[in-house]
Amino acid sequence: MGKKIFLCLVLTLMFSLSTAAMPTSAATPPLAGVKVVVDPGHGGRDPGAVGINGLTEKQVNLQVAKALRNCLVEYGGATVEMTRVDDSYVTLAGRVKKANDSWADRFISVHHNGSVNPDHNGTSVFSANNGSAQSHDLSAKVQKRLLQMTGLRDLGANTANYYVLRNTRMPGILTEASFITNPKEEEKLRDPGYVWREGYYIYRGIVDHMGN
């Protein structure tokens, strides 16, 4: 076999192998076509719970909510609307109106708990007392993921009569990943990496839920 023919055969084989390994199309993002309202709790004149060293819940809520938004958009391919994007005060009615006017598919309100007992800590997620089966499933899925991330005591996927859950028309939850009033937890919540992971694990729970 001539050298030119042999070289041609080798190049043809290499090209065939390389093109066979190339994907024919990009994978569809897991939340493509899904619209989510992300609601960072408190803000402005309402600090929420405050840690012993001064970290405010409103600050952490916004940081986690922004991380969640980025994960939903960049990894999930979702459309996201925020009820606030800075340290502004938004009424509960204003949050609900934004959510309902958006006709979103899901509503995620991000919070962190507080207690007079500085030793108290744990993870919980809430859906509305009158919530749909979808809301309760979303709560359970996000709770499971947050427990993986925090490693804290399981305070349960619970129901509550919170205004923003009771009055939004789409399935929704309110997360309480940890207690900012616990000094050790407050220190963790000052770490941007820890805060980002919290947003990411909420995202993972939403993907688990929407995959049902």
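Student: Which residue forms a salt bridge with K58?

Tutor: The model is predicted, so that local features need pLDDT of at least 70 and side-chain atom pairs count only at pLDDT 80 or more, while totals for chains, interfaces and linings use all residues. Residues are numbered from 1 along each chain as its sequence is written, and side-chain values use heavy atoms, with hydrogens and water left out. A salt bridge is defined as a side-chain nitrogen of Lys or Arg within 4 Å of a carboxyl oxygen of Asp or Glu. The closest N and O atoms of this pair are 3.1 Å apart, and the partner of K58 is D87.

Student: How many residues apart in sequence are the parts that K58 and D87 tie together?

Tutor: Helices (H or I, at least four residues) and strands (E, at least two) are DSSP runs, numbered from the N terminus. K58 lies in helix α2 (residues 57-74), whereas D87 lies in the loop between β2 (79-82) and α3 (92-102). The pair therefore ties together parts whose separation in sequence is 29 residues.

Student: Is K58 buried or exposed?

Tutor: A residue is buried under 20% relative accessible area, exposed over 50%, and partly exposed in between (1.4 Å probe, protein chains only). D87, at 46%, counts as partly exposed. K58 has a relative accessible area of 14% and is therefore buried.

Student: By about how many helical turns are K141 and D137 separated?

Tutor: The side chains of K141 and D137 meet in a salt bridge, at 2.6 Å from N to O. Both residues belong to helix α4 (residues 133-150) and are four residues apart, so their separation is about one helical turn.

Student: What is the relative accessible area of E186?

Tutor: E186 meets R190 in a salt bridge, with 3.3 Å from N to O. R190 is partly exposed at 38%. E186, in contrast, is buried, and its relative accessible area is 0%.

Student: How many salt bridges does the rule give?

Tutor: Side chains of opposite charge can pair when their charged atoms come close. By the distance rule stated above, the count of salt bridges is seven.

Student: Which element supplies the largest share of the lining of the largest pocket?

Tutor: On a 1 Å grid over the protein atoms alone, a pocket is an open set of points where a 1.4 Å probe fits, with protein on both sides within 12 Å along at least five of seven lines, and lining residues have an atom within 4 Å of a point. The largest pocket has a volume of about 280 Å³, a volume being the space filled by probe spheres set on points joined across faces, edges and corners. Of its 20 lining residues, G41, H42, L92, H111 and L174 are the closest to the centre. The largest share of the lining, four residues, comes from β3.

Student: In which loop is H42 found?

Tutor: Most residues other than glycine have a negative phi, and most peptide bonds are trans. H42 has a positive phi, near 65°. Its place in the chain is the loop between β1 and α2.

Student: Is N61 buried or exposed?

Tutor: N61 is found in helix α2. Leaving aside residues up to four places away in sequence, N61 is in contact (heavy atoms within 4.5 Å) with P40, G41, H42, R84, V110, H111 and H112. At 0% relative accessibility, N61 counts as buried.
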